[in-house]
Amino acid sequence: MVEAIIKEPLWKIRLKLWARSFKTGWELFREKKLALFGLSVIIFFAIFGLVYPLYPSIMRAVFWKDDPFGYQTFAPYDPIIGFDPHIMNHPSPPSLRHPLGTDPLGRDILSMIMYSTPREFILGITAALITVVIGTIIGASCAYYGGVIDTFFMRLADIVMLFPSLALLMVLSAFIDLTLFRLALIIGMLSGFGSITLVLKAQALTIKVRPFIEAAKSTGASDAYIIFRHIIPNILPLSFLYMMLNVTGAIFTEATLSFLGLANIRMSWGVIIQMAESSGYLMGASIGTYWWLWLPAGACITLLCSAFYFLGRGLEEIVNPRLRKR
Amino acid sequence: MLRFLSKRVVQIVILLFIYVTIVFWLMEALPGSFLDKYLMNPKITPEIRENLKRQFGFDKPVLTRYLYYMKNFLVLDLGVSFSYFPKKVTSIIFERLPRTVFLFVTSTLVSYAFGYTLGKRSAWRRGKVIDQVTTFTGIVFWTIFLPLLAIFNIWLFGVILGILPLNQFIDPNLWRNVSFSAQDLFLKLLLNAFIFLIVFLTIMIISRRLKTINAKRILLYVSLIGTIIISISIWILSGRAIYAWDIIKHMVLPVFTLTLYSFAGSMLVMRDTMLDVIREDYITTAKAKGLPDKVVRDKHAARNALLPLMTNFVISLGFTISGGIITETMFSWPGLGRAYLEALSQQDTPLLIGLLVFTGVFVLIAHLVADILYAFLDPRIRY
């Protein structure tokens, strides 16, 4: 009888339901001005990073028309090996040729920043994704199975939380070559086995006692089916929220490690500041004189970190009914 | 309660042993050793190198060394540091601990007081201008790149305004012909701050018994100002006020930076809990009774929202040591975080292990205290 009433295929109904929940979510989200601000900053940085390949060619067409040879030889807008032979003293202050000036090695700061932007996104999102996948699966299975699995992973989380993550990463940097992906992997695993499992497990425990889990069990659903099709979709909003907050942490950790010179990353926002510090431009009065060496890169780190945090808080107010207005 | 406590203590001891084991093997896995830097030194002959190896215990197999370490750990002996050779790790830690603790406890206290006030107000006027502004600035400072903030503050206060020293712990020129050590004076300063805190808490408890608001206020202000004046005059009479002032001056900038960086954490927690509490029935009742807005906010809502903030406070005190690496490096503050970084670059394994283990013990104790405090403050919670 039921088939006669609903003629639409199942995927279409699901799509409609998704669209509807997305629409209500968006309505709620639109009221959060700060979250919108965060989203727009993230979009801005995404575009900013994507247009990087255009930047050297535009600059070449405008300023290097008369000197194609110099452009070919010195690659003045290359973020890693670039050098501008037309300027006597590096670091040079912002000028038309170099909108944010050059660093002590004669590289263009704006091009360094633009080049690093996609890498920061990749690092932050990869680390957060790993964290959330681990945290969600472990949290859900701990809540569902209980017993030995639960005890094991909870004690593991206790131990991981005991380690100060920055100090641990510093030690790890001594015997692991911390490239971008390895760093993302390690940061992701460290926070994935840590506190996030506790939060997600607590949420999964409230789902586990709902009647539909009992119903699924009585129809003979397997454990894996219940975990992946019933429990995880219900804690997914919360994990998505924690993903946003974890992006902030990952980018911050990478920047700090690069700043201390402990990561093997060729170029990132932290490396730009480290360059300025290790060549002695961040001491006393030269801090203000050479502001373009540290301020733009630092501002970028801060802006992107806070943008993800704003987005996360905005989502939290939607996901967490405790924080909703009325 | 007692059963819960004993269970927790057993758990903590087991956790600690696993933690120490992991830390020890992690440090053993580090490539090279402290002695490697003598390899290239022509003055050190192979015989001396062998001797050094024996002295530092590198001739024994790792497992033996691990068992020795565990045996010593049981009597709270963390071994001897390599880079500060005859000094014990525990004595290095206890020399540097007061500096880190003073720095972080001060900034944590200030930032929690600040966060409590701001969070309470922004939750009360949710969605209004004050809420938006405080949340925005709070989150920006909460996610700011800490070295950036430190550099900016050094530049603004140290260079442009020139009112505060840039970094370091003391001004060496001032201390040239002084017979007492800075550490000694610093400990006295710490004691003074501790006494001040005790007096403050006692006065708070006493003033709650008083009937009128005016009496409370007078008692609070008079006694606080009195304590400050008394301690300042004692410092002046002892003739060491200028040196104490030097240390305080060097502390202002790191404390200010840390406070700015961390106040939003407590503010956001306070705001979220307040939002939860505000919807309770007793708040509506209190408003319906016609109580002034401020009384409802401070006496009815904020008091009940204080609990998560308190536990957060205790736990964050536990993390003071690990959080110090960036700040102490930026301000050249000779605390535990700097010691960690130095030990890492020198490969001073015992000091590294000692610092990590000490941090772990500190965090575990803080968690235990938080649990007890939770049960103590919230009568609904029974273990």
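This is a predicted model: local features need pLDDT of at least 70, side-chain atom pairs count only at pLDDT 80 or more; totals for chains, interfaces and linings use all residues.
## Chain A at a glance

Let's start with the overall build. Chain A is made with 15 helices and zero strands. Along the principal axes, its C-alpha atoms fill a box of roughly 80 × 50 × 40 Å.

Of the 326 residues in chain A, 41% count as buried. If you look at contacts in chain A between residues at least 6 apart in sequence, 71% of them join residues at least 24 apart.

## Where chain A meets chain B

The two chains share an interface in which 33 residues of chain A are in contact with 35 residues of chain B. On the chain A side, the elements that give two or more residues are helix 3 (33-50), helix 7 (147-162), helix 8 (165-175), helix 12 (223-259), helix 14 (286-289) and helix 15 (295-319). Helix 15 of chain A gives the most, with seven residues.

## The largest nonpolar core

Now for the core. The largest nonpolar core holds 146 residues, and the members that touch the most others are A:I251, A:I272, A:W294, A:I301 and B:L355.

A:I301 is a handy one to click on in your viewer. Leaving aside residues up to four places away in sequence, A:I301 touches A:I251, A:A255 and A:W269, along with B:F145 from chain B. One of these partners, A:I251, is itself among the core members that touch the most others.

Key
Residues are numbered from 1 along each chain as its sequence is written. Chains are lettered from A and ligands numbered from 1 in the order in which they are written. Two residues are in contact if their C-beta atoms, placed from the backbone, lie within 7 Å. Helices (H or I, at least four residues) and strands (E, at least two) are DSSP runs, numbered from the N terminus. A nonpolar core is a set of buried Ala, Val, Leu, Ile, Met, Phe, Trp, Tyr and Cys residues joined through C-beta atoms within 7 Å. A residue is buried if 20 or more other C-beta atoms lie within 10 Å of its own, exposed if 12 or fewer, and partly exposed in between; C-beta atoms are placed from the backbone.
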